[in-house]
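Hi,

Here is the structure I promised to send over. Have a look at it first, and then read on for what turned up in it.

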Amino acid sequence: AKSVDDLARNDAADAGDGGAEAVNLQEQVFGENPLEVRDTDHYTHEYVGGFVDKWDDLIDWKKRYESEGTFFVDQLRARGVKNVLDAATGTGFHSVRLLEEGFETVSADGSAQMLAKAFSNGLAYGGHILRVVNADWRWLNRDVHGEYDAIICLGNSFTHLFSERDRRKTLAEFYAMLKHDGVLIIDQRNYDSILDSGFSSKHTYYYAGDDVQAEPDHVDEGLARFKYTFPDKSEFYLNMYPLRKNYMRRLMREVGFQRIDTYGDFQETYADDEPDFFIHVAEKN
Ligand code: SAM
């Protein structure tokens, strides 16, 4: 793990395959044709300065805490989980929650700026010292050590992978870092309903911040570009790959996960076009 100062100074130098390319720390860069940005490496250019700072407004911790309830904690406890790798720490919401619930937690993310924010959030919310590791999922085993009872990759993060090769590689890295009876929990937006019948978020779950608008700016089978508008009228974008639910389930099965339960907005039964989010709970054994 690096010091926070290092993390803040040198965003994502360790992301990618160790390249030291400097990235813009303040502004999102999508270039002249944003709809052509369909690249797994681009996430470090999207989670930058102003957006990272505002992400906690977008993801209102208190509301999120209430809407998730004990879903993840229950899933983990039911399987006797003790140590957890939060692979997509972001600003630290789940890492802090798990530490509070007594799980040993390692907090990884490919964006150093997100980790810096997570580290200070850990201190602010309960004085927790997060064990942060700056690691890209595609090289997770290289940069994070140990075996885990559970890996979580939440907040619609897996959607940042733009090629099937990267998705398979990431799932294989997760699989390898789990103990023989470990569990992987990944969530995703319900892109099937967005692709097939348009967007109609109830804004109940993750994007629960007041006055923050999250809406698709462009959607096709290869790209879901979302626009986030904040009360001060600032706008940020994320380019994501619109994962279909059954495709995602198939990938996990093919990588070796034996049992995959998919919940819709934390419920076991649901009509497919209803939930905003799907949560996959994949067992290795
Ligand atoms: N889990 C957090 C939450 O729910 O608030 C953060 C979610 S945020 C939408 C997605 C996170 O995934 C970002 O912090 C981003 O840096 C990280 N990420 C995206 N692609 C990654 C990759 N290839 N390797 C490691 N982290 C990645």
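In this predicted model, an N or O atom in the side chain of Asp 136 sits 3.2 Å from a nitrogen atom of the ligand. The backbone takes part in polar contacts with the ligand too. At Trp 137, a polar backbone atom is 3.0 Å from a ligand nitrogen, and at Gly 110 a backbone N or O atom is 3.1 Å from a nitrogen atom of the ligand. If you want to look at the surroundings as a whole, there are 18 residues around the ligand. The closest of them are Tyr 47, Arg 64, Ala 88, Asp 109 and Leu 154.

Helix H4 covers residues 61-68 and helix H6 covers residues 93-100. Their axes come within 12 Å and cross at roughly 60°, so the two helices, H4 and H6, are oblique to each other. The crossing is right-handed.

Helix H9 (residues 164-177) packs against helix H11 (residues 245-255) at an angle of about 50°, and their axes are 10 Å apart. H9 and H11 are therefore oblique to each other, and H9 passes H11 in a right-handed crossing. On the H9 side, the contact is made by Glu 164, Arg 167, Arg 168, Leu 171, Ala 172 and Tyr 175. H11 contributes Tyr 247, Met 248, Arg 250, Leu 251, Met 252, Glu 254 and Val 255. Eight residues of this contact are nonpolar and five are charged, with no polar ones.

Note on methods
Residues numbered from 1 in each chain as written. Predicted model: local features only at pLDDT ≥ 70, side-chain atom pairs only at ≥ 80, totals over all residues. Heavy atoms only, no water. Axes fitted to C-alpha atoms, helices over the stretch in contact; angles between N-to-C directions. Helix = DSSP H or I, 4+ residues; strand = E, 2+ residues; numbered from the N terminus. Parallel < 35°, antiparallel > 145°, perpendicular 65-115°, else oblique. Left-handed = near helix turned anticlockwise from the far one by under 90°. Contact = heavy atoms within 4.5 Å. Nonpolar A, V, L, I, M, F, W, Y, C, P; charged D, E, K, R; others polar. Near = heavy atom within 4 Å. Polar contact = N/O pair within 3.5 Å; in protein donor to acceptor, adjacent residues only side chain to side chain.
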